Number of protein chains: 2
Amino acid sequence: MSAPVSPPCPLSEVTTDSREVYKGRLLHAFSDTVRLPDGRQAQREYIVHPGAVMVIPLLEVPGCDEPRVVLERQFRYPMKQVMIEFPAGKLEPGENRLACARRELQEETGYRAREWALAGVIHPVISYSTEFIEIWFARSLVAGSNRLDDGEFLEAFTASVGELGQWCREGQVTDAKTVAGMLWLQNVLSGAWELNWHTPED
Amino acid sequence: MSAPVSPPCPLSEVTTDSREVYKGRLLHAFSDTVRLPDGRQAQREYIVHPGAVMVIPLLEVPGCDEPRVVLERQFRYPMKQVMIEFPAGKLEPGENRLACARRELQEETGYRAREWALAGVIHPVISYSTEFIEIWFARSLVAGSNRLDDGEFLEAFTASVGELGQWCREGQVTDAKTVAGMLWLQNVLSGAWELNWHTPED
C-alpha cells in the first residue's frame, strides 16, 4: 500500500452512526455517534439547515458623500424583540444563491439592484448547525414595492453606514450576520477589501 | 383605564402555547404557538441555549508593532472541518460571565490575562436559537498550560491581526463570532472604538 497523500487530520471526528431526532416545520435535528481522535465515542447533536444569503444593499444618495444601507426591523421570536438586520433569507431547494439574494431583496424591501458582488460566506453556529450564509453586496438600487411572504411582518428602512457602525458598537445591532457584514462594509468602503461587481442578466 | 405608556410594538408576536419537542445532551428545542400582528396563529420552533462568552486575547510581542491574537483550531462536527476561531465557551448555570471568559481562556489556551474589557454582545442565530455571545477583550497575557475538557480536542496558536483580517476576507475564517470579533478588533486597535479596561481581583 502506498502512503496517503495527505495525513489524516489529528483533530477530526469520524461518523459511525447518524439518526434523525426531530423534524418540525423549521428545525431538523440529528444525533450522530462519532469516533474521537483518541478512539473513544461521543454524541454530536446538530441542526441541518439549507443555507441562506444576506444582502448588503448600498444606496448612493445624490449630494451625500456617505452611502446609506437598506436594513430591516423584524420581530425575532427567540430574542423576544425587534432586531435590526440586513435583508436575508433561506435558500429554496436547488435555488441559485444570487437568484435567492435578488428574490429576498425585492420581496423584503422592494429594491432591485443592477449590480451585485459576492463578498464571502460565514457560518453562524459552527457548534450545532450546518447553516452557512453567503454575503452579497448590491448597488445601483431601484425602489419598488415589496411582497412579503404570508405571515411575514417586517419594516425596511435606511441608515447611514456611520449610524450602523455606531449601533454595532453600542449594542442596538447584535445580530451576528449583520455585525459580520459591517466588517465587510467598512473594509469595502475604505478600499481595503475589493469586490468584483457584475451586472446579472434578467 | 389610563392609556399605555408605550404603544404595543406593531411587529411583535404573543406566545399562546409552548411545548418542549426535543431534549438531547446538547440541544433543547421548543415549539411555541404565537399570535401574529394580524391576529392569525403561527408556530415558532427554536433552540434554548444558556449563552456563551468569546475572548479576543491580545498578545503584545516585544519589538513588534502589530499585536498578535490567540486563536484556536477545532474540528466542528456540523461543518465537517477544522475551523479557526477565538476561544469561547458556554456559560455554566449561574456562572458570572467574566469568570466564564477567564476559565475558558485558561482551559483552552493556557493563557491567563491580567486586564479585561467587555466589548459587547452578539446573537448568532436570531431566527432559531436564544443564544447570545458576550465578547471580552483580554490583554497582559501570561502563558501557562491548558486543561481541556474530557473529549475536547483543539490546538491554540497565534496570528497577527493582519493575518486574521486577511483570513476573514479570503474565507479561511468564516465562523461568524470570530468575523464579528474582527470588527471589534479592527476598530479598537484603530482607536475608533474605546474599551474600559480593568484588572479583576483573583
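**View 1. The order of helices and strands in chain A.** Starting at the N terminus of this predicted model, chain A runs β-β-β-β-β-β-β-α-β-β-β-α-α. That comes to 3 helices and 10 strands. The C-alpha trace of chain A spans about 70 × 40 × 40 Å along its principal axes. Of the 202 residues in chain A, 36% are buried. Among contacts in chain A with a separation of 6 or more, 60% join residues 24 or more positions apart.

**View 2. Helix H2 against helix H3 in chain A.** Here we look at H2(A), residues 161-170, where its axis comes within 11 Å of the axis of H3(A). The two axes cross at roughly 140°. Angles over 145 degrees would count as roughly antiparallel, so H2(A) is oblique to H3(A). The crossing of H2(A) past H3(A) is left-handed.

**View 3. The residues where H2(A) and H3(A) meet.** From H2(A), look for A:Val161, A:Leu164, A:Gly165 and A:Cys168. Facing them in H3(A) you will find A:Val179, A:Met182, A:Leu185, A:Gln186 and A:Leu189. This contact of H2(A) with H3(A) has 7 nonpolar residues, 2 polar and no charged.

**View 4. Chain A against chain B.** Each chain brings 57 residues to the contact between chain A and chain B. On the chain A side, helix H3 (residues 176-189) gives the most, with 6 residues. By class, the side of chain A that touches chain B holds 33 nonpolar, 13 polar and 11 charged residues.

Methods
Residues are numbered from 1 along each chain as its sequence is written. Chains are lettered from A and ligands numbered from 1 in the order in which they are written. This is a predicted model: local features need pLDDT of at least 70, side-chain atom pairs count only at pLDDT 80 or more; totals for chains, interfaces and linings use all residues. Helices (H or I, at least four residues) and strands (E, at least two) are DSSP runs, numbered from the N terminus. A residue is buried if 20 or more other C-beta atoms lie within 10 Å of its own, exposed if 12 or fewer, and partly exposed in between; C-beta atoms are placed from the backbone. Two residues are in contact if their C-beta atoms, placed from the backbone, lie within 7 Å. Ala, Val, Leu, Ile, Met, Phe, Trp, Tyr, Cys and Pro count as nonpolar, Asp, Glu, Lys and Arg as charged, and the others, Gly among them, as polar. Axes are lines fitted to C-alpha atoms, for helices over the stretch in contact, and angles run from 0 to 180 degrees between N-to-C directions. Angles under 35 degrees count as roughly parallel, over 145 as roughly antiparallel, 65 to 115 as roughly perpendicular and the rest as oblique. A crossing is left-handed if the near helix is turned anticlockwise from the far one by less than a right angle, and right-handed if clockwise.
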